[in-house]
Amino acid sequence: MRYRRLGRSGLQISELSLGSWVTYHNQVDVAAAKEMLAAAFDAGVNFFDNAEAYADGQSETLMGEALRQLGRSPLDYLVSTKFFWGLGRGRPGERPRINGQDTLNRKYLMQAIDGSLERLGLDFVDLLFCHRADPQTPIEETVRAMSDIVSSGKALYWG
C-alpha cells in the first residue's frame, strides 16, 4: 500500500480507503463488516470513510462496532465522516433543510458531530468533511464551526 501525507500535516494516510456508503447496514452485518475491515488492514489500508447520511446513520454504527470488535489500536487507523444531508432529511441531489435551516450552519454542525461520535462509539474522528458546499450558509460560519469542532477535540482535521 502506498501512503500520502494528509495535506501539510505529518499524518500518513493510505491512498485507498474502505468506505461504507452503499454496503454497510443495507447489505452487510457486523460480522461481514469486521471481515472486510480485517482484509483492508491486511492490505495496508488505514483509512475508513463514513458519512452521517449513509444508511441514515447506521453505517457509522456498524463500522464503529466492527472496529471495536477487531480490537485494533486507534493509532492503526483513521476514521472520517461527512456532514451535509443530515439524517432522514433528504436524498443526494436534493437541497436539505432542517427546521428551515441550511445544513452547514453552526447550529447543525455542532449537533451533528455529537451524533456521529455516538454512533461510531468514538471520542473523536480523525477527519471531518463537508460533504458538499452550502451556498446558503456563509463560508465563514462553516469554517468557524469546523475549526471549533477541531479545537474541542471532537475531530483532528477537517476539509
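Predicted model: local features only at pLDDT ≥ 70, side-chain atom pairs only at ≥ 80, totals over all residues.
The side chains of glutamate 15 and arginine 2 meet in a salt bridge, with 3.1 Å from N to O. Where do the two residues lie? Glutamate 15 is in the loop between β2 (12–14) and β3 (18–19), while arginine 2 is in the segment before β1 (3–5), so the pair ties together parts that are 13 residues apart in sequence. As for the surface, arginine 2 has 57% relative accessibility and counts as exposed. Glutamate 15 has a relative accessible area of 32%, which makes it partly exposed.

How many salt bridges are there in the whole structure? A search finds eight. I will go through two others.

One of them joins arginine 72 to aspartate 76, and there the closest N and O atoms are 3.2 Å apart. Arginine 72 is partly exposed, at 34% relative accessibility. Aspartate 76 is partly exposed as well, with a relative accessible area of 34%.

The other is between the side chains of arginine 106 and aspartate 148, at 2.8 Å from N to O. This pair links distant parts of the chain, since arginine 106 belongs to helix α3 and aspartate 148 to helix α4, 42 residues apart. Arginine 106 is partly exposed, with a relative accessible area of 32%, and aspartate 148 is partly exposed, with 26%.

That brings us to the helices themselves. Two packed helices are described by the angle between their axes and by the distance between those axes.

For helix α3 (residues 106–120) and helix α4 (residues 139–151), the axes come within 9 Å and cross at roughly 25 degrees. Why do we call them roughly parallel? Angles under 35 degrees count as roughly parallel, and therefore α3 and α4 are roughly parallel to each other. The crossing in which α3 passes α4 is right-handed. On the α3 side the contact is made by Arg106, Leu109, Met110 and Ile113; on the α4 side, by Glu141, Thr142, Arg144, Ala145, Met146, Asp148 and Ile149. Sorted by class, that contact has six nonpolar residues, one polar and four charged.

Helix α1 (residues 30–42) packs with α2 at an angle of about 65 degrees, and their axes are 9 Å apart. The crossing of α1 and α2 is right-handed. From α1, the residues making the contact are Val30, Ala33, Lys34, Leu37, Ala38 and Phe41; from α2, they are Leu62, Met63, Glu65, Ala66, Leu67, Gln69 and Leu70. What is the division by class in the contact of α1 with α2? Ten residues are nonpolar, one is polar and two are charged.

Is serine 59 buried or exposed? Its relative accessibility is 0%, and because buried means under 20%, serine 59 counts as buried. Which residues does serine 59 touch, leaving aside its neighbours within four places in sequence? The contacts are Ser20, Tyr24, His25, Asn50, Ala51 and Tyr54.

That is where I will stop.

Definitions and conventions:
Residues numbered from 1 in each chain as written. Heavy atoms only, no water. Axes fitted to C-alpha atoms, helices over the stretch in contact; angles between N-to-C directions. Helix = DSSP H or I, 4+ residues; strand = E, 2+ residues; numbered from the N terminus. Parallel < 35°, antiparallel > 145°, perpendicular 65-115°, else oblique. Left-handed = near helix turned anticlockwise from the far one by under 90°. Contact = heavy atoms within 4.5 Å. Nonpolar A, V, L, I, M, F, W, Y, C, P; charged D, E, K, R; others polar. Buried < 20%, exposed > 50% of the residue type's maximum accessible area, 1.4 Å probe, protein only. Salt bridge = Lys/Arg side-chain N within 4 Å of Asp/Glu carboxyl O.
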